[in-house]
Amino acid sequence: MAGSKLGDHVKSMLWTTVPAFLVSLVIFTILGIQQTSGGYTAGDLTAYIEALNGEFSLGIVTLLPALLLIVLLLLKVNAVAALGLSSFAAGLVSFFYQGNGLASIIKAAYNGYTTGIEEGILQTILNRGGMNSMLQYVAIISFAVGMGGMLDKLGVLDNILHAIVGHIKSDGSLIVVTLLVGYVTSIVSCSQPMAYVLTGRLMAPIFKDRKIAPEILSRTLEDSGTLAGPMIPWHGYCVYMSGTLGVAWAAFFPYLFFLYLTPLFSIFYGFTGISIKHVDE
């Protein structure tokens, strides 16, 4: 939607995510020091490690597909090609190192992995994945793109655009408006892909008119549309996190420091001009 290259997008995101991560790390460290140990015992972790060792052959070899993906992305290899090669490497590791058969590898790639571990928390983490699990997101993205095109052809986006353009006087105000639109679309759609697509379709012309690099738009979309999910009780991300962790939204909401800080850094950069890249075309 933003038209930026993956490498440029990742580099641009570091400006907002790294400072927010470091500040969050400091806050959590302070909170962790003040927090008592409660009922935790080292035996819990030992049981999890033993269960994983019994299910898999763990070692440096299992990290090779992830390392390959990182290296390929750093070399600016096409994202689809990089993911494909990394997936193929993971299949080789599963076949030669884990001892799985070709049929089970293909089945896991399509339907996801099913573990035999009896630990409930590990079952929640491991029993997932596969291309089949992504079909709902493909459907949502397709629907969002179709809705965005429909709103564009009907002139709805133009009317909204004209209503907000008058309030945009600087790069900073443009960043603020983009963040707000991202939050609103996330609240309404309850979907990160739809929020990303609709906000991107709406705000891309303004970024282009102000000659701001597309990776700044893609970064801002991430800072709002992606990070907004866990803050919205009815959003898919929040429902997933609450269900997986077994923690109510009201319990973890005060501790979403990273999600609060990232857009603040984005706004700060917008008004100061730091990291805001402009292009000739």
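Tutor: Two residues are in contact when their heavy atoms lie within 4.5 Å. This is a predicted model, in which local features need pLDDT of at least 70 and side-chain atom pairs count only at pLDDT 80 or more, whereas totals for chains, interfaces and linings use all residues. Residues are numbered from 1 along each chain as its sequence is written, and side-chain values use heavy atoms, with hydrogens and water left out.

Student: Which residues does Phe207 touch, not counting those up to four places away in sequence?

Tutor: Phe207 touches Leu174, Ile175, Thr178, Ile212, Ile216 and Leu217.

Student: What makes the largest nonpolar core a core?

Tutor: Its 18 residues meet the definition: buried (under 20% relative accessible area, 1.4 Å probe, protein chains only) Ala, Val, Leu, Ile, Met, Phe, Trp, Tyr or Cys, joined through side-chain atoms within 4.5 Å. Those with the most contacts inside this core are Leu174, Val177, Met203, Ile206, Phe207, Ile212 and Ile216. Helices H9 (171–189), H10 (192–209) and H11 (214–226) each supply at least two of its residues; a helix here is a DSSP run of H or I with at least four residues. Apart from this core lies another, of six residues, including Leu227, Met231, Cys238 and Phe252.

Student: How confident is the predictor, and which elements have the lowest and highest mean pLDDT?

Tutor: On the pLDDT scale of confidence in each residue, from 0 to 100, the protein averages 82, and 91% of the residues score at least 70. Helix H7 (residues 135–153) has the lowest mean among the elements, 70, and helix H14 (residues 257–272) the highest, 92. Where pLDDT is low, the predicted coordinates should not be read in detail.

Key
Buried < 20%, exposed > 50% of the residue type's maximum accessible area, 1.4 Å probe, protein only.
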